[in-house]
Structures are given as C-alpha cells and as structure tokens.
Amino acid sequence: MAKVLIATDKPFAPVAVDGIRQVIEGAGMELALLEKYTEKAQLLEAVKDVDAIIIRSDMIDAEVLDAAKQLKIVVRAGAGYDNVDLEAATAHDVCVMNTPGQNSNAVAELVFGLLVFAVRGFFNGAAGTELKGKKLGILAYGNVGRNVARIAKGFGMDVYAYDAFTPVSAIEADGVKAVASTADLFKACEVISLHIPATAETKGSINYELMNSMPKGAVVVNTARKEVMDEAGLAEIMKARPDFKYVSDIKPAIDAELAAAYPDRYFATPKKMGAQTAEANINAGIAAAEQIVGFIQNGNEKFRVNK
Ligand code: 3PG
C-alpha cells in the first residue's frame, strides 16, 4: 500500500487534512502526518518509508531525498517551489509538482489587508490616505497578480502590471495597463505589489534604485519571497525616504532593526500567512492529494516542475 506523508511545519487547517485523508484513503493509500516539527531529524525519520510527500514551504534537500528511499513524488501544496532542490530530486528520480492557483486568492486578499493597514498609518488613529485613485503596479502577472488586479479594481485603483512572460494582450484583456519593464512599473506607481518567484534572476532584484524611483507616498507590499529584496537597499530607502512604507508577509533578516527604527512605516507579519486560510489549505491540499493519486495510479505528470 502506497504511503503518503503530509509534512508541514506550518499545518493546514484540520478541515483540509480531513479532505486530504479522504482522497488518499479513498484511493486505497495510507496517510501519515508530521506537523509543526522543530528538528530536521524528525522529517528525516518520517520520510523513510513513504512514497509521496505533501509539503508547503518545508525544505526538501538532498539529505531528505537520501533518507526517503521509497519516495516517488513530492507535491508542494502551493505555488513557489524554491524550497525544493529540483536537481537533487531529478537525480533521485523523484517527481516534483506544485499546485498553481490553488492558494492565490488568499494571498491576494492579504495584499489588501496589508495595504489598507499601511495607508491608514498602521491604525494609529491619525488621518491616512485611500487606495482609490492610486496607481498600483503588479510585478508579475501570474495567478496571484491576476487576483490582485481583480480586487484592486473594486478599490477603484488604477492598475498597471509588468510580467516578462505574460503577453501584453493577456494583461490588457483584464483592463490592466501593461508596462515595458520593472523600472517603468516602479516609476509609474505609488503602490507596488510583488509577485515574482525567488529565482537566480530575481534574488535581490528589488533594490534601492527601483524603490527610490517610486512617486512620493510610496508603498511596497511583499507577499512573494524575502529573497527578492535587496535588504541593504531596503534599509537605505527606509532611511532616505520618510514617505516610504514597506509591508510584508515575510520577515527580512533585518526585520528587528527595521521594526525598531520605523514602527509607523515598516511591518512584517510574525509568520508567513498569505496562504493560511481554510479555503486555500483545502484547495491546495486536496489538489496535492489528487495529483499524487493521479501520478501513482496513472503516471499523470501534469504540474511536474522538475525535468
Ligand atoms: C506559495 O508559494 O504557495 C505561498 O508562498 C504560500 O506558502 P505556504 O504554503 O508556506 O504558506
């Protein structure tokens, strides 16, 4: 009987675990659960005899893959898979998948939670500003970016986007203005929402120069990855521009320093929670379970991300 492990440092909502269990056990497979683990050794032990693993931002590296002798598939219940060593997975003959789009509305809603919080002065009681009429720049027009655009229109924002891989026609079909580069987006928009993945090309790419080109009253909201920020540049812009605000769902390494220095202009959630809703957990978790069943029973490799 194939064995599937849910290994989540940040657990799914119980209702999502129930849904995953129904899919896995309904397909005649066994489900094991490792939640809130604190040591890598616990993960290494839990993966020993499993055929499949469902993870979130949990790290799957060569050591984990070495320990998982029977492993055939890892599904990242979510979008970004920078936490999985894809080359090592391929070398171990392990298929890696993600579940694109399943948690994107949850992340997009949090963008606006953070933005309203930012423009209302972190709820300090003083007069803030509104989002209506402001230019919003969406950097990367994927599943989350599209949801952000949809919600932004409800706020009456003027929506712009840049995406190196999405055709301009697809962006404009949504009533969003496509610009030609990341630099053009930052120059045009007083609010920027980041949705780029963490890749070799994007790491450290959001730098001082880009942020400093933003109009007065600039707000950057990051629900993507901390790695895309040039942290020295972030520290520099916070210091140089008293009008600049940064709100994030991922703490940079310099979180404590920024939080102490700019309590009214810098905020990061204590734990990444963009995708942490019951709905997103159900959608992504059940999609992951179904993808595992499809792969093990029929060899279906849709959503495979490693070669
Ligand atoms: C994703 O890549 O899907 C999001 O960043 C959510 O990550 P999480 O599952 O760790 O909350």
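A right-handed β-α-β unit is formed by strand 6, helix 6 (residues 143–154) and strand 7, as seen in a model that is predicted. Within this unit, strand 6 (residues 135–139) is mostly covered, since 4 of its 5 residues are buried. Strand 6 runs parallel to strand 7 (residues 158–162), and the two are joined by 5 bridges, with Leu136 standing opposite Val159 of strand 7. Strand 6 is also joined to strand 9 (residues 191–194), again in a parallel arrangement, by 4 bridges, and here Ile138 stands opposite Ser193 of strand 9.

Helix 10 (residues 231–240) was examined next for the placement of its buried residues, which include Glu231, Gly233, Leu234, Ile237 and Met238. These residues lie on the same side of helix 10, because the arc that they cover around the axis is only 155 degrees. Such a pattern can be read against the geometry of an α-helix, in which there are 3.6 residues a turn, so that residues three or four places apart point the same way. On the other side of helix 10, by contrast, Ala232 and Lys239 are exposed. The buried residues of helix 10 are covered by elements that include helix 9 (208–212), strand 11 (245–248), helix 11 (255–261) and strand 12 (266–268). The N-terminal end of helix 10 is capped by Asp230, of which a side-chain oxygen lies 3.2 Å from the backbone nitrogen of Ala232.

With regard to cysteines, Cys95 is buried, because its relative accessible area is 2%, which is under the cut-off of 20%, and Cys189 likewise counts as buried, at 0% relative accessibility. The structure holds 0 disulfides.

Note on methods:
Residues are numbered from 1 along each chain as its sequence is written. This is a predicted model: local features need pLDDT of at least 70, side-chain atom pairs count only at pLDDT 80 or more; totals for chains, interfaces and linings use all residues. Side-chain values use heavy atoms; hydrogens and water are left out. A disulfide is a pair of cysteine sulfur atoms within 2.5 Å. Buried means under 20% relative accessible area, exposed over 50%, partly exposed in between (1.4 Å probe, protein chains only). Two strands pair if DSSP finds at least two bridges between them. A crossover is right-handed if, with the strands pointing away from the viewer, the path from the first strand over the helix to the second runs clockwise. The arc is that of the directions from the helix axis to the C-beta atoms. Contact means heavy atoms within 4.5 Å. A polar contact is a pair of N or O atoms within 3.5 Å; within protein, one must be able to donate a hydrogen and the other to accept it, and residues adjacent in sequence count only if both atoms are side-chain atoms.
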